[in-house]
Amino acid sequence: MEFKEAIKIALQSLWANKLRSILTLLGVVIGVASVIAVVTLVNGANVYVASKVNKYGADVFTISKQPQIITSYDEYRQFQKRKNILLPDYENIAANCKHCSDVGAQQTSTGKIVYGTQSSTDTVIRGNTWSMPEMQNLNIVQGRGFTPTDDDHASHVALIGSDIQENLLGGDDPIGKEIRVDGVPYTIIGLGEKQGKTLGQSQDNWVAVPLSTFQKTYGTAKTLTIYAKAGAGAQALETASDEARQLMRSGRHDRPGEDDSFTLETSDTFVGLWKSISSGFEAVAVAIAGISLVVGGIVIMNIMLVSVTERTREIGVRKALGAKRGDILTQFLIESASMALVGGLIGVIGGMAVAQVVTLLLGFPSSIAIWSIFAGLLVATSTGIFFGVYPARKAAELDPIVALRADT
């Protein structure tokens, strides 16, 4: 029997028993779809995390009161007991870190922005030193960024995100316009590049003002985050971060042998944490897929055994007309593999659809990994072949005389 003819017979058999085929393929569909959906979401998150790491630069590290990612309430309570990082801590690093090519600081709050009759609430308000936009790779697409003079004189100037321009200023040129930030007037001098949404939350609903101006309005007691950029060279980041750590420990009077009273993080910190989280997601997906594929494979084997029984006379006729044992074996293996492959195709489409729905509803980043599609189809087909061997052998070993006597 030709390979094409075997494929044709297999698909005709699937189409002739639609409901049975759907129920048979359900396990394979669920298994492949779960893997495709999780891999697509994890791959999207990997791209997002990589973009965030690149945003701050591989040579930038941060010093903050607590980590940016906290995994338990107990950790949160522990970190909240730490002393706030204040302006003298920043000034200590800026003045004494010899291996840091640049040092900046940022404080944040949320507040209300008003322009004319328009307003926005829950806007992120950033107090930045003049070098922060460059250290965060924040491109100013219109106007200019802060200068040391703005910082030194606590100027009432502001940078804005694209949401402020679009929602409050109606998309007009923002440069020179006056907005009120929690009742305080500021002149817009720059517009930041649009960053889009993450997990459904806009990254463009922000206003940045000079740190000195920020502290005049909101006080100096709020904790801040220090950003430091290492110099050139392979060991520069490690050398600069070690020096900054020692300066912080000395300035905050941390005792020898005690843990740091602050958190120092590099891009490797974020990447390592995300890899541990994403590997957990993938492990769960593989476990679900494994169970589903085993169940689906067993169902395929049972259906193929039923098919062998239903087509016993047909097998006898084929053997009587000269079909060899290998021909019958190949036919049934192709049928089981085709059945599983169809299930794999449906699973791939379903998995991608689920990932896109999650992205649309929650804003969770997703990115289709081409290798996962081929892997899903390969695993589905292999499952069909593996669980189709026993029914195929049973069909191939039928005695043609006994098969021809079977009831139709």
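How many of the 5 residues of strand β10 (residues 206–210) are buried? The structure is a predicted model, in which local features need pLDDT of at least 70 and side-chain atom pairs count only at pLDDT 80 or more, while totals for chains, interfaces and linings use all residues. Residues are numbered from 1 along each chain as its sequence is written, and side-chain values use heavy atoms, leaving out hydrogens and water.

In β10, 5 of the 5 residues are buried, so the strand is largely enclosed by the rest of the structure. Buried means under 20% relative accessible area, exposed over 50%, and partly exposed in between (1.4 Å probe, protein chains only). Strands (E, at least two residues) and helices (H or I, at least four) are DSSP runs, numbered from the N terminus.

Two strands pair if DSSP finds at least two bridges between them. Strand β3 (residues 118–128) pairs with β10 in the parallel sense over 5 bridges. Here Arg-126 has Ala-208 of β10 as its bridge partner. Strand β5 (residues 157–160) runs antiparallel to β10, and 2 bridges join them. Ile-160 has Val-207 of β10 as its bridge partner.

Most residues other than glycine have a negative phi. Asp-122, in strand β3, has a positive phi of about 55° although it is not a glycine. Asp-122 is exposed, with a relative accessible area of 60%. His-253 also has a positive phi, near 60°. His-253 is found in the loop between α9 (236–251) and β12 (263–265). His-253 is exposed, at 65% relative accessible area.

Leu-360 lies in helix α12 (residues 325–362). Leu-360 is exposed, with a relative accessible area of 72%.
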